[in-house]
Structure formats: structure tokens, C-alpha cells
Amino acid sequence: ASIAPLAVAAHSQAGLVVPQDRDGKIRRYPLIFRAGEELYPSLALGAAMAGRPEEASSILNRAVNLESSRPLLRFQSADDFRILRFGDIMEADRNSPGLKKGIEGKILLVGVSAQGTEDFVRTSVHGELPGVFIHASAVAGILGDSFIANDRKNLVLGAALGLALLIFLTWMLRNPQGGVHVFMKGGVILGLWFCVAIYAATKSVLLPVGAVV
């Protein structure tokens, strides 16, 4: 848990650990932590509930009712968030209009971004980036209900679409006219499959692209 002075002053306690996949990249974000008999929200879930107290119950219900306790993150880029230097906030006059405009009514996550601080992580769509962006992306996912769905229905859908494309490819290549002809038509089918998968991702649905290819 937090050290005593922080625990006393804090609104609540929250979990910070975000496990990596076997390849060392982060794709999923845990929302609930268990410590003994106690349950705690993740940092992102706790921040979302504290930042929107009037919606706290519905936010918690959405998180609890997700099909996975570690949903796939829809990663935001650094450009999607307003980034402020901590030193500038601390040095600003508390009545500064610029300070109020920058932080009033906002959820602020404090993290380090200096090289050498060891708080850098890797995701499937980024190189290294400060770990605070993982939590920020999770807050955005919770508030926007935009986690990527990866349930059994999507796997069945992906398998059915893949089988349909295989049948279509077989039909297209029933009268092959040389290797180049086969390669070009196969490339068209694969390109079509990637377009379908990308469109599905924009609708927060993950299809098993690699397995089908």
C-alpha cells in the first residue's frame, strides 16, 4: 500500500501494476485488484470514478461487467492528451487563469517522462513511451467505453470470415495462369482481409488476423 502520509491524504487507494505480455509489450489493462480479502480499483478506474463522482456507480458497473477483467486497450497517442510540466504547475500562482484553464475539471495523471527513469514501456503500436500514457489511455477507455472487444463471438466471426475468404480465393484461382497471377489474386484477398480487420478495429472489435493469414 502507499506510505502512511499518502494513504491518509489520498482520496482512495488503487492498483498500479500493468502486466506485460510474453513479448514484453503491454496490450491489456487490469481494472480490479485483489489484496487479501479487499478489492481495489486500478489507478485508471479509481481516477475515472473520482473525477466523475456523479457517474461513479455506472463507471464501476461498466468495468465489472466487461467480459474480461483485463480488457484490450485502445491506445491513445501522446498528442491526444494535454501534457503539462509538473514544475510549471507547482511554480504557477494558484489563482492563475492559465492554471485554472489547464487543470480545472480535468483528470490529471502525474508521471515521469525523462529518459533513464525506468518508467518506459512498450506497446503493440508504439515504441517506448512513458508508462503514464498507459494509465491515461485506460482512463480514456473507461470514460469513452472504448475498450476493444475480444470475446468468443468475435473469434467465431473471424473464423467464419476467414473461411469465406479462403473459399473465395479458391474460386478465384480455379484456373491459375501462372505464379504471378496466383500471387496477385492472393494479394488482393489478403489486402481485403486486412481492410476488414482494420474496419472492425475502428468498431472496437478485434479479429484474429494472424491466425487467418
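Thr123 is buried, at a relative accessible area of 1%. Buried means under 20% relative accessible area, exposed means over 50%, and partly exposed lies in between (1.4 Å probe, protein chains only). The model is predicted, so local features need pLDDT of at least 70 and side-chain atom pairs count only at pLDDT 80 or more, while totals for chains, interfaces and linings use all residues. Residues are numbered from 1 along each chain as its sequence is written, and side-chain values use heavy atoms, with hydrogens and water left out.

Thr123 sits in the loop that runs between β3 (120-122) and β4 (128-130). Helices (H or I, at least four residues) and strands (E, at least two) are DSSP runs, numbered from the N terminus. Leaving aside residues up to four places away in sequence, Thr123 touches Lys25, Ile26, Phe75, Leu129 and Ile134. Contact here means heavy atoms within 4.5 Å.

Helix α2 spans residues 43-51. Its buried residues are Ala44, Leu45, Gly46, Ala47 and Ala48. Several elements cover these buried residues, including the strands β1 (32-35) and β2 (38-41). Helices α3 (56-64) and α6 (132-144) are also part of that cover.

The axes of α2 and α3 are 8 Å apart, and the packing angle is about 155 degrees. Axes are lines fitted to C-alpha atoms, for helices over the stretch in contact, and angles run from 0 to 180 degrees between N-to-C directions. The two helices, α2 and α3, are therefore roughly antiparallel to each other. Angles under 35 degrees count as roughly parallel, over 145 as roughly antiparallel, 65 to 115 as roughly perpendicular and the rest as oblique. On the α2 side, Leu45, Ala48 and Met49 take part in the contact. They meet Ala56, Ile59, Leu60 and Ala63 of α3. The residues of this contact divide into seven nonpolar, no polar and no charged. Ala, Val, Leu, Ile, Met, Phe, Trp, Tyr, Cys and Pro count as nonpolar, Asp, Glu, Lys and Arg as charged, and the others, Gly among them, as polar.

Side chains of opposite charge can pair when their charged atoms come close. A salt bridge is a side-chain nitrogen of Lys or Arg within 4 Å of a carboxyl oxygen of Asp or Glu. The whole structure holds four salt bridges. One of them joins Arg27 and Asp21, at 3.0 Å from N to O. Arg27 is partly exposed, with 24% relative accessibility. Asp21 is partly exposed, also with 24%. A network of salt bridges links Asp21, Asp23 and Arg27.

Glu55 and Arg52 form a further salt bridge, with 3.8 Å from N to O. Glu55 is partly exposed, at 29% relative accessible area. Arg52 is partly exposed, at 31%. Arg85 pairs with Asp88 in a salt bridge, and their closest N and O atoms are 2.8 Å apart. Arg85 counts as exposed, at 56% relative accessibility. Asp88 counts as partly exposed, at 41%.

Met184 belongs to helix α8 (residues 179-202). Met184 is exposed, with 55% relative accessibility. From C-alpha to C-alpha, Met184 and Arg70 are 40 Å apart in space. In sequence, Met184 and Arg70 are 114 residues apart.
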